[in-house]
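Visitor: I would like to learn how to read the features of a structure such as this one, going from its pockets to its surface and its charged pairs. Could we look at it together?

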Amino acid sequence: MAGMLVLGLFMGHPLAFVLGGTAILGAFIAGKPMVLGITINRIFGDVLDNFTLIAIPLFVLMARFLSDSGVTDKMFEALRHLMANVRGGLGLAVVFISILLAATTGIIGASITVMGVMALKPMLQYGYDKRLTTGLIGASGCLGILIPPSIMLILMASYAPGLSVGELFAGAMLPGVILGLMYAVYVYILAVIRPDLAPRVSEHEQISRGDMWRMLIVEAVPPLILILGILGSMLMGIATATEASAIGALLALLIVIFRGRFTLANFYSAFLETGRTSAMILFIVVGATAFTGVFNITGGLTATQDLIRGLAENPSTLLVVMLVTVFILGMFLDWTGIVLLCFPIFLPIVNEMGVSPLWFVVLMAVVLQTSFLSPPFGYALFYMRAISPPDISTGDIIRGVLPFIAMVLVMCGLIVLFPQLVTWLPETLYQN
């Protein structure tokens with residue numbers, strides 16, 4: 001089954017159908033076609049009846065509404081003027097807007113595309129290095145899968161027994177924000193050491209501080225209300241993840257209406273795009289559920305777990321083996337497939353070792369940041385290639401993201417050394 005999975009992927013077939021097709025072929029090759037009936041029941045029980053997964057299309061819809069509202073465009077302009085006198089100010093504005101986008105959308109494609117359209121051309125015009133520019137926009141846009149509300153964290157929580165979405169959101173909050181701040185510090189230090197790579201904005205484009213702060217307050221209030229409405233209602237125990245996603249979609253729609261951007265054509269387009277994105281994710285979930293179901297029943301799951309235990313009996317080494325496996329898989333698969341393939345194998349072993357599942361899942365989420373950035377199949381690389389001018393090569397984009405991949409790995413080291421980065425907020429909020 002593992003061989004057929006790799007073969008199907010390298011032949012260029014969609015992951016969802018490779019997973020589902022491999023499950024069917026594996027069942028017949030093993031001489032146990034009856035397991036397909038059990039697998040179908042599991043798909044209905046674990047996927048189609050999973051109330052938590054309803055949050056995915058609602059958060060996708062919210063992200064599309066926010067994109068239509070144009071609120072991020074004005075915020076970027078305000079931050080650009082606010083940081084005009086700061087070294088690397090334009091790059092810092094990209095990081096801070098990306099953190100805000102991550103806390104309101106959680107969709108990588110939307111974040112990178114929006115930031116690319118807003119910031120790529122101005123940064124290049126002001127003389128920013130093309131590798132720094134593309135790497136920063138790509139890496140900052142990927143924060144959406146780590147900073148809540150995140151579709152990836154919702155899916156992880158639904159497949160991690162004993163973990164709620166709220167706990168996982170709280171656990172990922174600090175690592176996500178700290179990683180974003182690491183990007184900002186890197187840009188600032190680089191701008192100080194090499195001002196030619198990240199020059200300041202020219203003085204004639206600066207506006208008065210009063211106008212600047214007025215613009216920032218007016219444009220920052222709507223998304224901040226949205227963030228408080230989603231995360232506040234969840235972390236305070238007022239709403240579940242699904243209910244909070246509905247609150248977010250409604251607030252995002254109200255922002256579109258109050259900003260005068262609402263049209264029936266955009267409204268229809270938002271629902272159409274939501275349906276396509278949600279279907280893509282859920283097809284992968286169904287295919288992966290079928291694959292792991294057959295893989296488990298035919299003995300593959302137990303054999304793989306025994307193999308991993310045999311490779312490293314020391315708990316620390318075992319964790320490194322798991323994380324390196326996730327890192328390597330990230331070069332070839334998207335996060336959905338990695339989560340659904342690895343969780344059934346890794347989590348039972350993690351529980352046996354007495355390691356906190358919350359800590360391990362957040363650590364895995366941080367490592368999965370690299371799956372969007374690492375060649376040859378990093379999605380952020382393709383998004384950046386699509387919006388970059390012809391004079392920026394794919395090689396420039398790849399070299400641009402390498403320092404940010406290194407920072408993600410440093411963040412993983414910090415979480416290992418200081419587990420409180422993950423556990424402190426959930427313990428504070430959910431200790432009672």
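This is a predicted model: local features need pLDDT of at least 70, side-chain atom pairs count only at pLDDT 80 or more; totals for chains, interfaces and linings use all residues.

Visitor: Let us begin with the pocket: what is the volume of the largest pocket, and which residues are the closest to its centre?

Guide: The largest pocket has a volume of about 1000 Å³. Its lining is made up of 35 residues, and those closest to the centre are Leu 5, Leu 9, Leu 329, Leu 333 and Leu 341.

Visitor: Which elements give two or more residues to that lining, and which one gives the most?

Guide: Helices α1 (2–10), α2 (15–29), α13 (264–297), α14 (300–311), α15 (315–329), α16 (335–353) and α18 (379–387) each give two or more residues to the lining of the largest pocket, and the most comes from α13, with 6 residues.

Visitor: How do the residues of this lining divide into nonpolar, polar and charged?

Guide: The lining of the largest pocket holds 29 nonpolar residues, 5 polar ones and 1 charged one.

Visitor: How should I read a salt bridge, and how many salt bridges does a search of the whole structure find?

Guide: The general idea is that side chains of opposite charge can pair when their charged atoms come close. In this structure the search finds 5 salt bridges. In one of them Asp 396 pairs with Arg 131, the closest N and O atoms being 3.4 Å apart; Asp 396 lies in helix α19 (residues 394–417) and Arg 131 in helix α8 (residues 130–141), so this pair ties together parts that are 265 residues apart in sequence.

Visitor: Which other residue meets Asp 396 in a salt bridge?

Guide: The side chain of Arg 399 also meets Asp 396 in a salt bridge, at 3.6 Å from N to O, and these two residues are separated by about one helical turn because they are 3 residues apart in helix α19. Arg 399 is partly exposed, with a relative accessible area of 42%. Through salt bridges that share partners, Lys 130, Arg 131, Asp 396 and Arg 399 are joined into one network.

Visitor: And what is the case of Asp 196 and Arg 194?

Guide: Asp 196 and Arg 194 form a salt bridge, with the closest N and O atoms 3.0 Å apart. Asp 196 counts as partly exposed at 48% relative accessibility, and Arg 194 counts as partly exposed at 38%.

Visitor: Finally, where does Gly 162 lie?

Guide: Gly 162 lies in the loop between α9 (151–158) and α10 (165–193), and with a relative accessible area of 75% Gly 162 is exposed. The C-alpha atoms of Gly 162 and Leu 235, which are 73 residues apart along the chain, are separated by 17 Å.

Key: Residues are numbered from 1 along each chain as its sequence is written. Side-chain values use heavy atoms; hydrogens and water are left out. On a 1 Å grid over the protein atoms alone, a cavity is a set of points where a 1.4 Å probe fits but cannot get out, and a pocket is an open set with protein on both sides within 12 Å along at least five of seven lines; lining residues have an atom within 4 Å of a point. Grid points are joined across faces, edges and corners, and a volume is the space filled by probe spheres set on the points. Helices (H or I, at least four residues) and strands (E, at least two) are DSSP runs, numbered from the N terminus. Ala, Val, Leu, Ile, Met, Phe, Trp, Tyr, Cys and Pro count as nonpolar, Asp, Glu, Lys and Arg as charged, and the others, Gly among them, as polar. A salt bridge is a side-chain nitrogen of Lys or Arg within 4 Å of a carboxyl oxygen of Asp or Glu. Buried means under 20% relative accessible area, exposed over 50%, partly exposed in between (1.4 Å probe, protein chains only).
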